[in-house]
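Dear colleague,

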Amino acid sequence: MSKTIAFVGLGSMGLPMATNLVKAGYSVHGFDTRPQAMDALAAAGGVRAESLASACQHANALILMVINAAQALTVLIEAGALAALPTGAHVCLMATCPPDEVTALETEIRASGKRLVDCPVSGGVVGAKAATLTIMVGAPQEDFDAVAPILRSMGDKLYHCGQKVGQGAVVKAINQLLCGVHLAAAGEALALGEKAGVDVATLLEIVSGSAASSWMLKDRGPRMLMQTPPVTSAVDIFVKDLGIALSAGHSAGMGLPLAAAAHQMFLAESGNGNGLADDSKVIAAYRRLNGIS
């Protein structure tokens, strides 16, 4: 595969991911709606594309680190990225998207003579900076093999989840289902401790070191005890991602009652005006529900 890559979406995760590709020896032509993001990539050794078309026209791979499938469709079709890419180019969709929307997008891309690789990521900003992302791929074997070296430059845990586009999105949805449920459960448990009047810091220490523990409890629990925790992932991210998990369940004909309950708690906190707050603030929804001051 060519060493030239187009990269769209130089946000808090996209910029360090693109930078890691530069470090791996790729010529990365970055495009973003924010000029300062492209300047930052150029300072790291990448190429500041003059336009979306110029970023794509010589690239054999386009990486989309955008918000959702709708934004990916806008970039590819309305903004002309798909038309600018050479025939046979691979489009790596790394955003978290509903599986059904990913498969619909694949139809558009294949009709244009290009190939979609469904490859959402997990690991957040920390993983993006350290190139330790988990990357879940749904694509035919030949497409997986073609882009695997690129993906391994951004993540150290690369999984081929299936031969069909959309299967990577399913695995990511399940991952987010578990994260959201674990996080909501942690908020419920710690709020119960507050309501019952126990020392919540001691409670957190006990359950974090017992069979009741989870990664989300250990990571988010301390922030639940802060009045204004730093934002590492917003409440609205789980509103979106648990919505995607519920959509995947609907498509599979499966009820997901725990995911639905967790989704409601994140929705309640977002509806209270805290959608951009750290996701650990889901505990505040339990506090309001139960009159905990």
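This is a predicted model: local features need pLDDT of at least 70, side-chain atom pairs count only at pLDDT 80 or more; totals for chains, interfaces and linings use all residues.

R223 sits in helix α11, which covers residues 215-224, and its side chain makes a polar contact with the side chain of D278 at 3.0 Å. If you leave aside the neighbours within four places in sequence, the residues in contact with R223 are P229, P230, T232, D278, D279 and S280.

Next comes helix α14, residues 282-289, which is largely enclosed by the rest of the structure, because six of its eight residues are buried. Those buried residues are V282, I283, A284, A285, Y286 and R287, and what they pack against is α9, α11 and α13. Just after α14 you will find G291, which takes a positive phi of about 65°.

A positive phi also turns up at A131, where the value is near 60° and the residue is one other than glycine. As background, most residues other than glycine have a negative phi. A131 is found in the loop between α7 (124-130) and β8 (134-138).

Now for the aromatic rings, of which the structure holds one pair. The partners are F238 and F266, and they are stacked, with 5.2 Å from centre to centre and 25° between the planes. The pair links distant parts of the chain, since F238 belongs to helix α12 (residues 235-252) and F266 to helix α13 (residues 257-274), 28 residues apart. Are these two residues, F238 and F266, buried or exposed? Both F238 and F266 are buried.

Helix α13 also holds H263, which counts as buried because its relative accessibility is 12%.

The crossing in which α9 passes α10 is right-handed. On the side of α9 the contact is made by A189, L190, G193 and E194, and on the side of α10 by V200, L203 and L204. Sorted by class, this contact has five nonpolar residues, one polar residue and one charged residue.

Finally, I would draw your attention to A59, which lies in the loop between α3 (52-56) and β4 (61-64). How much relative accessible area does A59 have? The value is 0%, and therefore A59 is buried. Leaving out its neighbours within four places in sequence, A59 is in contact with T4, I5, A6, L85, P86 and A89. The C-alpha atoms of A59 and S27 are 9.2 Å apart in space, although the two residues are 32 residues apart in sequence.

With best wishes,
a colleague

Notes
Residues are numbered from 1 along each chain as its sequence is written. Side-chain values use heavy atoms; hydrogens and water are left out. Helices (H or I, at least four residues) and strands (E, at least two) are DSSP runs, numbered from the N terminus. A polar contact is a pair of N or O atoms within 3.5 Å; within protein, one must be able to donate a hydrogen and the other to accept it, and residues adjacent in sequence count only if both atoms are side-chain atoms. Contact means heavy atoms within 4.5 Å. A crossing is left-handed if the near helix is turned anticlockwise from the far one by less than a right angle, and right-handed if clockwise. Ala, Val, Leu, Ile, Met, Phe, Trp, Tyr, Cys and Pro count as nonpolar, Asp, Glu, Lys and Arg as charged, and the others, Gly among them, as polar. Rings of Phe, Tyr and Trp (its six-membered ring) pair if their centres lie within 6.5 Å; planes under 30 degrees apart count as stacked, over 60 as edge-to-face and the rest as tilted. Buried means under 20% relative accessible area, exposed over 50%, partly exposed in between (1.4 Å probe, protein chains only).
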